[in-house]
Amino acid sequence: MQYQVFTDYDALSEHAAQFMLELVRQKPTAVICVASGDTPLGTFQKVVANALPNDFAEATFVALDEWVGIDPQNPGSCRSYVEKPLIEPLKIPAERVCFFDGMATNLAEECARVNEFVARRGGLDLIFVGIGTNGHIGLNEPGSSFENYAHISDLQDVTIAGGQKYFQDATPLTQGVTLGLRHFLEAKTAIVIANGPRKKGIIGRVLNEPINTALPASVLHQHPNGYLWVDEAANAKN
Ligand code: F6R
């Protein structure tokens, strides 16, 4: 795992955006998985601002996860957090985007559908994610097996409480559907980004703790092409 610290959120976002743009310029048919949440928003904004007209003409996106029971149109849904700032401005057509439907009546089938979408395109070229304060990647909560592909996950209280920031009103969250850590390990490149002092503690844990399922983000150490990029405020190394 390569660890890199950037002066601030803007510099971190700029670096991540340039990485993504380079990827699609080298491999126009790249399959890219992106997380929702606040952390990637700066990157999305810079990707959109700097993309040339044909950069994403053949690329495919997969959204990392979704809250179970949340309408995809809800502004707090994971889908909205990826679709509004990234997919819509880049004008990616529906056939080149995959979102989990957290309202699917059969969630196991929904996970199988997303697994199939990824597998049929030859896997992920890039998985680009944030990190929860409990170390989750996507909605792979502590205890998630590194062998999982897409699956249903029971959310920890800290994730349920933290997830409220995306919604205008108090919103019952209990489960999520998410790509698995096996997707993370099998992606050609894996990037975890974090910013702000709230993430410093968990970044310290990722840097110092051994690989173990109690700390999902420790999976990054096992990735042959894994990067952990943080801003100075989240830096946990002197
Ligand atoms: C969201 C996701 C989550 C977030 C994490 C950090 O799709 O996968 O794992 O990346 O909870 O959230 P933010 O970026 O809002 O701090």
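A: The account below goes from the model to the ligand site. This is a predicted model, in which local features need pLDDT of at least 70 and side-chain atom pairs count only at pLDDT 80 or more, while totals for chains, interfaces and linings use all residues. Residues are numbered from 1 along each chain as its sequence is written, and side-chain values use heavy atoms, with hydrogens and water left out.

Around the ligand there are 16 residues, of which Ser36, Thr39, Asp65, His136 and Tyr166 come nearest (a residue is near if one of its heavy atoms lies within 4 Å). A polar side-chain atom of Tyr166 lies 2.5 Å from an oxygen atom of the ligand, and for Ser36 the corresponding separation from a ligand oxygen atom is 2.7 Å. His136 likewise places a polar side-chain atom 2.7 Å from an oxygen atom of the ligand (a polar contact is a pair of N or O atoms within 3.5 Å). Of the 410 Å² of accessible area that the ligand has on its own, the protein covers 93% (Shrake-Rupley method, 1.4 Å probe). The shell residues divide into four nonpolar, seven polar and five charged, where Asp, Glu, Lys and Arg count as charged and Gly is among the polar ones.

Technical notes
Polar contact = N/O pair within 3.5 Å; in protein donor to acceptor, adjacent residues only side chain to side chain.
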